[in-house]
Amino acid sequence: MIKQLKNKRIYISLIILIIVISAMTIKLITTQKSEGVEFVIGMSQANLTEPWRIAMNQEIIEEARKYKNIKIVYKDAGGDTYKQSKDINELVSDGVDLLIVSINDSEKLTPLVSQVYKSMPVIVLDRAVEGYDYSLYIGPDNETIGNKAGQLVADLIGEKQGNIIEVQGVLNSSPVIARSRGFKEVLNSHTNLKVSRTLVGEWQRDETEDKITEALKEDNKIDVIFAHNDYMALGAYKAIKKLGMENIKVIGVDGLSGEGGGIELVSKGILEGTFTCKTGGKEAINYALDILNKKGEIPKKIILRSDKITLDTVYEYSNKKSKIVDTSKKIALGYAQLITESKWRDANAKSIKKAAKQQGVDLVFLESGTTQEDQIKLIRELIKRKVDVISFSPFVTSGWDDVLREAKNAGIPVILSDRSVDSDDSLWTSNICSDFYEEGKRASRVLIQHFGKAKVNILEIEGNLGSTPTIGREAGFNESISNQDNYKIIETVTGNFTFDGGKLVMKNFLKINGNKVNVVYAQNDDMALGAIEAIKEYGLIPGKDIIVLGIDGTKEALRSINKGEMFCTIECSPLLGPKIINTAKQVIAGIEVPLAIVNPEEIFTGDNSAKEIKNRQY
Ligand code: GYE
């Protein structure tokens, strides 16, 4: 009895203590706001045992110091997901204005982040959550980092038989999955290279040292060790040194400066190489302020560039000076545009011209041709005219290495607009784009939501073959329906992103197959509208006999949705002009820009198209 009473007393005093602490914290935040602090930002960090996360918090501290009107409240989850959910809840209940979160476990914390995003802006740093319930994601392209690491291993080993140990961070964390996928994608194309063992170092140095020691005692025929971060790479090196196996080479990721960072490890020859993985802390503070001050359109994703650092580049990298540029000088941006194929392209060109005019940039807008060869000619013309920056929307994904190298050799940075290329990212500077893969997934999610388990036969009308929107939208759409056995793509035919192309594909399909399909998935609105015209001419009713989906979010598409003809459209904004021009000005001013800036996008259906039409700018 006494014991129960005692426990009850402890329980009650604990509750009182929590109430007092919360009240004090709220008071603290409130008083802080009263002392000229306009915004309080909560920073929920996964752990502070990894140097990279310590560097992230340090970057946030240093950037936040520049702004007297903000206060950052830090929480460290110590690697414990339950603790991080508690931290996030405390920050929210303490009344922060915006949450920055660097997540410990994406899958487990996605629901909580989605919940918080309903009540305040959320910036997700480094590990993405599932889905899009956040204001902005800032992080690296982990798959490309893996590709680059695989290529460096191949370069280090050459043609002889090579055995590799891969040391991963926390198993199944999103960066590990992506880095490993990219790494193995490159290694698989080299028959002489083999990952003989994969270890899990939990991002930690000492754990890696122990595991590598055991592994090398069992099998010392190892040529290279690739560790997913420099901290673990250092642990691998310590094991190698201890065992006297200095012939084994080690590469890592992060490239932090300062003592024990990857830059130092490479310059001392401890690592053969590393790949920078910027923390995004500085960008998070600046975008947080833009969001809180409701400044302009905030991107959905910022993908940070990763540079390869080896002994022959480490000195230049560590001593690169931000070049002093005369920013008063008017810059000339050259744009290489093929003859427009869609309403989207018209709106995109208009946006670029308008932004150049508004921001005082000389625009050399060359427009002709219909093929990649024609576009390459335009780019060469711009190089000849010695413009300061070149931008273009690559008609297809491959075949740009030579002309991009010519631009680089001419000292002209290239900003990709809306579409991307498969050239090495050292040949171009930034990509202002959309997430085509997600657009395809969204189209399929809307379809599955509508049809559920009904039998669905689909005609897919795709864009011009080999372009990143066609590749991404097809992959995203197919990924989602591939595990739905009642959904079947009967045929995929290109309509080249044009109204007439979409109409012709639909007309030919109906002539041969009649209404064998109940859904048309068109990879842009122009083709969707063309298909709708063909459906009507054939005597069927669009929206009743055949459901038609599109992508872009054009005004005409929304009108069609309102008429009940088109079913939905997934937004893909062409209004890239301001970001392209702003990025060009930053590049010329010597400011480091993201590898990719990805646009926010909506879904328009019968529920929201009517009120959205008046807002459409294209
Ligand atoms: O969806 C389509 C245009 O590259 C994202 O190209 C763009 C696509 C857009 O023809 O309408």
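This is a predicted model: local features need pLDDT of at least 70, side-chain atom pairs count only at pLDDT 80 or more; totals for chains, interfaces and linings use all residues.
Residues are numbered from 1 along each chain as its sequence is written, and side-chain values use heavy atoms, with hydrogens and water left out. Local features need pLDDT of at least 70 and side-chain atom pairs count only at pLDDT 80 or more, while totals for chains, interfaces and linings use all residues.

Q: How many Å separate the centres of domain 2 and domain 4?
A: The bounds come from an automatic or database domain assignment. Domain 2 covers 142–275 and domain 4 covers 436–572. Taken over C-alpha atoms, their centres are separated by 45 Å.

Q: Which strands stand at the edges of the open sheet of 6 strands?
A: Strands (E, at least two residues) and helices (H or I, at least four) are DSSP runs, numbered from the N terminus. Two strands pair if DSSP finds at least two bridges between them. The order is β19-β18-β20-β21-β22-β24, with mixed pairing. Each edge strand has a single partner, so one side is left without a neighbour in the sheet; these strands are β19 (487–494) and β24 (603–605).

Q: What angle does helix α18 make with β21?
A: Helix α18 (525–538) packs on the sheet, touching β18, β20, β21 and β22. Contact means heavy atoms within 4.5 Å. Axes are lines fitted to C-alpha atoms, for helices over the stretch in contact, and angles run from 0 to 180 degrees between N-to-C directions. For α18 and β21 the angle is about 155°.

Q: Which strands stand at the edges of the open sheet of 12 strands?
A: The order is β2-β1-β3-β4-β5-β11-β23-β17-β16-β15-β13-β14, and the pairing is mixed.

Q: Which residue stands opposite Ile390?
A: Strands β15 (389–392) and β16 (414–418) run parallel, joined by 3 bridges. In β16, the residue opposite Ile390 is Val414.

Q: Which helices each supply at least two residues of the shell around the ligand?
A: The ligand is surrounded by 13 residues, counted when a heavy atom lies within 4 Å. The closest are Glu341, Asp418, Arg419, Arg473 and Asp552. The helices are α12 (343–358) and α16 (468–481).

Q: How far is an oxygen atom of the ligand from an N or O atom in the side chain of Asp552?
A: A polar contact is a pair of N or O atoms within 3.5 Å. A polar side-chain atom of Ser342 lies 3.0 Å from a ligand oxygen, and one of Arg345 lies 3.2 Å from a ligand oxygen. For Asp552 the distance is 2.6 Å.

Definitions and conventions:
A polar contact is a pair of N or O atoms within 3.5 Å; within protein, one must be able to donate a hydrogen and the other to accept it, and residues adjacent in sequence count only if both atoms are side-chain atoms.
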